[in-house]
Amino acid sequence: MTRDEIRRVFSGLYDEGVRFVFVQGGEPLLRKDLAFILQDLVQIGLYLTLITNGTRFTPSLIQQFDDLAVSLSVSLDTLDPIRYERIRGADQLNQVLVGLDLLEGYRHPKFLTCIVSEVNRHEVHEVVRFARSHGFLPVIGAYHWDVGLYGKQDPT
């Protein structure tokens, strides 16, 4: 949707009583106009949580999110680079960890979400400890056991 379409749709939803919105993707940080969209949604009166893989944070973006009082939820299923690539399909763990470091002084709620599967279930406690030690509220979710990488059937 375009920025104008998003503003129009969510203005209508606000009028119908919606107050809390999860902004998610694909990957929302890929949108060059994301900060403007979030600003529009906040001006409507909505409370926002941005759900991201955390690979594209910049100090400027984080400052904009902080100024808008956006809650952040970053996906982190493992701290092991090999398992991260297996689960997420890309070698981006280091980018996520750098992005998480940028959130050290973030003033609004921040969550670290770990989706659990057979691949990473033995690491959940380690991810939870990591989240807490970095000021995140850990969120643990269950994966769809018969589905592999992002919805593709996994015969194993």
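## One aromatic pair

This structure holds one aromatic pair. Rings of Phe, Tyr and Trp (its six-membered ring) are paired if their centres lie within 6.5 Å; planes under 30 degrees apart count as stacked, over 60 as edge-to-face and the rest as tilted. Here the partners are phenylalanine 20 and tyrosine 47, and they are stacked, 5.2 Å centre to centre with 25° between the planes. Phenylalanine 20 lies in strand β1 and tyrosine 47 in strand β2, so the pair ties together parts that are 27 residues apart in sequence. (Helices, H or I, of at least four residues and strands, E, of at least two are DSSP runs, numbered from the N terminus.)

The cut-offs are under 20% relative accessible area for buried, over 50% for exposed and in between for partly exposed, with a 1.4 Å probe and protein chains only.

## About the model

This is a predicted model: local features need pLDDT of at least 70, side-chain atom pairs count only at pLDDT 80 or more, and totals for chains, interfaces and linings use all residues. Residues are numbered from 1 along each chain as its sequence is written, and side-chain values use heavy atoms, leaving out hydrogens and water.

## Charges over rings

Five strands make an open sheet in the order β1-β2-β3-β4-β5, with parallel pairing. Two strands count as paired if DSSP finds at least two bridges between them. At the edges are β1 and β5 (137–142), each pairing on one side only. From one strand to the next the twist averages 25°, taking axes as lines fitted to C-alpha atoms (for helices, over the stretch in contact) and angles from 0 to 180 degrees between N-to-C directions.

β2 and β3 run parallel and are joined by four bridges. Across that pairing, leucine 50 stands opposite leucine 72, and isoleucine 51 stands opposite serine 73.

## Strand β3 and its lead-in

How many of the five residues of β3 are buried? Five of the five are, so the strand is largely enclosed by the rest of the structure. In a regular strand the side chains alternate between the two faces of the sheet. In β3 both faces are covered, with Ser71, Ser73 and Ser75 buried on one side and Leu72 and Val74 buried on the other. Serine 71 comes in at 12% relative accessibility. Leaving aside neighbours within four places in sequence, serine 71 is in contact (heavy atoms within 4.5 Å) with Leu48, Thr49, Leu50, Pro109 and Phe111.

The loop between α3 and β3 holds alanine 69, which is partly exposed at 40% relative accessibility. Most residues other than glycine have a negative phi. Alanine 69 has a positive phi, near 60°.

## Nonpolar cores

A nonpolar core here is a set of buried Ala, Val, Leu, Ile, Met, Phe, Trp, Tyr and Cys residues joined through side-chain atoms within 4.5 Å. The largest has 32 residues, and Leu41, Phe65, Val70, Leu100 and Leu103 touch the most other members. Elements supplying at least two residues each include α1 (3–15), β1 (20–23), β2 (47–52), α3 (59–67) and α5 (93–102). The most comes from α2, with five residues. A second, separate core of five residues includes Val116, Val124, Val127 and Val128.

The buried residues of α2 are Leu34, Ala35, Ile37, Leu38, Asp40, Leu41 and Ile44. Their cover includes α1, β1, β2 and α3. After the helix comes glycine 45, with a positive phi near 115°.

Over in helix α6 is histidine 125, exposed with a relative accessible area of 62%. The C-alpha atoms of histidine 125 and leucine 38 are separated by 33 Å, and the two residues are 87 apart along the chain.
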